[in-house]
Each structure stands twice: as structure tokens, then as C-alpha cells.
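I opened this entry to record what I looked up, going from the overall fold to single residues.

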Amino acid sequence: MKRSARYALRIASLAAALGLWQLVTSQDIDLWLRFSQFPTVTDVAHTFADRLAGPDYWTDLTDSLTRILTGFLLAAVLGVATGVLVARSRLAEDLLGPVLEVIRPIPAIALVPVAILLFPSNEQGIVFITCAAAFFPVLVSTRHAVRALTPVWEEAVRTMGGGRWRILGSVVLPGALPGVFGGLSVGIGVSWICVISAEMISGQYGVGYRTWQDYTVVDYPGVFVGMVTIGVLGWLTSTAVELLGRRLTRWLPRTAYAPATRPKPARPGAAAAPARAAVPEDTRAHPEEARDEHLVRD
């Protein structure tokens with residue numbers, strides 16, 4: 001399928017979802033779910049346009065983005081460093097492993113009381129909660145990615161005289177990048193969940209704070225404006241992390257999507273297909289090894 005056709009299909013699916021939303025809310029359909037309580041798409045669009053024309057919306061947007069980016073970048077640096085350290089050092093694993101495994105199951109949003117008691121301002125507490133939310137997905141993904149590396153690469157660097165830092169820079173970090181960015185993709189989504197929840201509980205300004213205020217004054221179109229804003233921001237930041245990961249790991253082989261096709265049965269009496277040229281069995285089974293062997297012979 002061509003790229004233009006795929007984009008058209010995605011736009012059509014989004015338009016169909018919006019059309020269904022408009023239909024069930026404008027007709028006040030109440031089967032089991034009470035869609036009559038929902039604002040229509042046009043109501044949300046009018047409220048969205050009014051918010052875009054005012055300064056408060058952009059202030060909330062700037063505050064939420066500042067909090068999420070600060071906390072996420074801190075979590076990325078600390079998570080990768082701690083994951084590599086725990087995976088490469090038995091002493092670090094024995095010292096930090098038990099503490100991290102006890103703290104990891106605690107939801108980041110449950111740390112709101114701790115943040116209120118620990119930090120002098122709500123702003124720092126929200127950044128701390130955001131960092132804690134993204135830290136553990138990055139840590140776990142990095143740890144597993146480093147431990148999954150084949151030891152042959154490290155032995156090859158040691159054979160050529162490379163030291164510990166050379167192994168870290170040329171084997172460990174590049175080899176673990178796919179797993180690291182997998183953790184970063186999960187972490188940015190969890191960070192948005194927690195930063196919005198923290199803003200609702202103890203924030204001043206921010207998309208989460210404004211969404212909760214709209215709910216308390218029964219401004220449901222405003223609530224949906226906040227939800228749409230959160231969804232768009234989360235999609236943009238997740239896409240940015242994914243694109244960065246693809247760019248930094250462009251040396252990896254990529255597989256293109258190709259739908260499986262079922263072979264057509266041969267017609268009775270049809271001529272047999274011409275026999276393929278004789279190819280050594282080892283070449284058909286291992287084309288890469290045969291290519292490397294050919295290069296060595298040359």
C-alpha cells in the first residue's frame with residue numbers, strides 16, 4: 001500500500017471516530033452508556049477555539065511541557081546510567097538492586113505526599129513525580145538490554161586492546177540502544193499520566209490543573225479540550241522519541257511489512273515449473289555466511 005493511501009486511511013479512521021462521536025452525542029443516545037451527558041464535537045471545537053485565543057491555554061501548555069521535559073530528561077539520564085551500572089557491576093546490583101525493586105512497584109502518583117513533604121515547592125515536587133514515573137521503565141529496559149548483549153563483542157574489543165571505557169562506548173551503549181529507546185517510549189507515556197495527575201492534585205497552572213478546574217465548575221467541553229490537548233501532546237512527544245530512536249539506530253536492519261500470500265495450487269495438467277539452478281545447501285540456508293566466505297576468498 002502506498003504511503004499516501006495509508007495516510008488517507010488514517011485520516012478516514014479519525015474522521016469516522018469523530019463522526020460517530022457527533023452522532024451519539026447530538027442524538028442524546030442512551031443505551032447503557034449515557035452519551036447524552038457528553039458534549040458534542042462542535043461544542044468542544046468552539047470551546048477549543050476560544051481557549052486558543054486566550055493567554056491561559058498557552059500558559060498551561062508551557063508549564064506542562066516544561067515539567068514533562070525536565071522530569072523525563074532527568075529520568076532518561078539517571079535510568080540509563082543506573083541500568084548500565086546494575087547490569088555491569090555485581091556490587092552495584094547487590095547495593096542498589098534490593099532498594100530499587102522495593103520502590104519500583106509503588107505507583108509514581110502515590111509519591112505525591114512524599115513530594116509535598118520533601119520539596120519546598122509544588123513545581124519541584126511535580127518534576128520529581130514525573131521523573132520517578134519514567135525512571136523505572138528506562139532502568140528495567142536498559143538493564144535487560146545490556147545483559148542480553150553477546151559477550152563475543154566485548155571479547156573482540158578486549159582482544160584488540162580496548163579498555164573498560166572503550167567497551168562501554170563502542171559495545172555496551174550502541175548495542176543496548178534499541179532496548180533503551182523501548183524504555184524511553186514507555187516512560188514518556190507514563191510520565192504524561194503522572195504529570196497530569198500531579199497537576200490535578202497539587203499543581204498551579206498546567207493542562208491537568210485546568211482540566212480539573214473545568215470539571216469542578218461543570219464545564220464539560222473544557223474538560224474534553226484538556227483531554228484532547230493531553231492526547232495530542234502525548235502523541236507528539238512519543239513520536240519524537242521514536243523518530244530519535246530510529247535515527248540513532250539507523251545502522252540496524254529494518255524489516256518492511258509484507259503481507260503473507262498463500263501460494264496458488266497448481267492446475268491439473270499444467271507444465272511443471274522450471275527447476276531452479278543448483279545452489280549449494282549451505283548457501284540457501286545461510287546466505288550471509290556464504291557472502292562473508294566469498295569475501296574472504298576474494
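**Fold overview**

I read the elements from the N terminus on, and they run α-α-α-α-α-α-α-α-α-α-α-α. My tally of secondary structure is 12 helices and zero strands. I note that this is a predicted model.

Of its 298 residues, 30% are buried. For contacts with a separation of 6 or more, I found that 69% are between residues 24 or more positions apart.

**Core**

Next I turned to the largest nonpolar core. It holds 44 residues, and Ile129, Leu184 and Trp192 touch the most other members. I listed the elements that give two or more residues to this core: α3 (55-88), α5 (112-118), α6 (122-147), α8 (164-202) and α10 (220-248). Which of them gives the most? I found α8 in that place, with 13 residues. As background, nonpolar side chains in soluble globular proteins tend to be buried together.

I followed up Trp192. Setting aside residues up to four places away in sequence, I found that Trp192 touches Ser64, Leu65 and Ile68, as well as Leu233, Gly234 and Thr237.

**Helix pair α6 and α8**

I checked how these two helices pack. Their axes come within 7 Å and cross at roughly 155°. The cut-off for roughly antiparallel is over 145 degrees, so α6 is roughly antiparallel to α8. I noted the hand of the α6 and α8 crossing as right-handed.

**Glu199**

I stayed on helix α8, where glutamate 199 has its place. Is glutamate 199 buried or exposed? Its relative accessible area is 0%, so I logged glutamate 199 as buried. I then looked up what surrounds this side of the chain.

**Asp214**

My last stop was aspartate 214, in helix α9 (residues 207-216). Aspartate 214 has a relative accessible area of 7%. The limit for buried is under 20%, so aspartate 214 counts as buried. Which side chain joins aspartate 214 in a polar contact of 3.1 Å? I found the side chain of arginine 51 there. Not counting residues up to four places away in sequence, aspartate 214 touches Arg51, Asp219, Gly222 and Val223.

Terms used. Residues are numbered from 1 along each chain as its sequence is written. This is a predicted model: local features need pLDDT of at least 70, side-chain atom pairs count only at pLDDT 80 or more; totals for chains, interfaces and linings use all residues. Side-chain values use heavy atoms; hydrogens and water are left out. A nonpolar core is a set of buried Ala, Val, Leu, Ile, Met, Phe, Trp, Tyr and Cys residues joined through side-chain atoms within 4.5 Å. Buried means under 20% relative accessible area, exposed over 50%, partly exposed in between (1.4 Å probe, protein chains only). Helices (H or I, at least four residues) and strands (E, at least two) are DSSP runs, numbered from the N terminus. Contact means heavy atoms within 4.5 Å. A polar contact is a pair of N or O atoms within 3.5 Å; within protein, one must be able to donate a hydrogen and the other to accept it, and residues adjacent in sequence count only if both atoms are side-chain atoms. Axes are lines fitted to C-alpha atoms, for helices over the stretch in contact, and angles run from 0 to 180 degrees between N-to-C directions. Angles under 35 degrees count as roughly parallel, over 145 as roughly antiparallel, 65 to 115 as roughly perpendicular and the rest as oblique. A crossing is left-handed if the near helix is turned anticlockwise from the far one by less than a right angle, and right-handed if clockwise.
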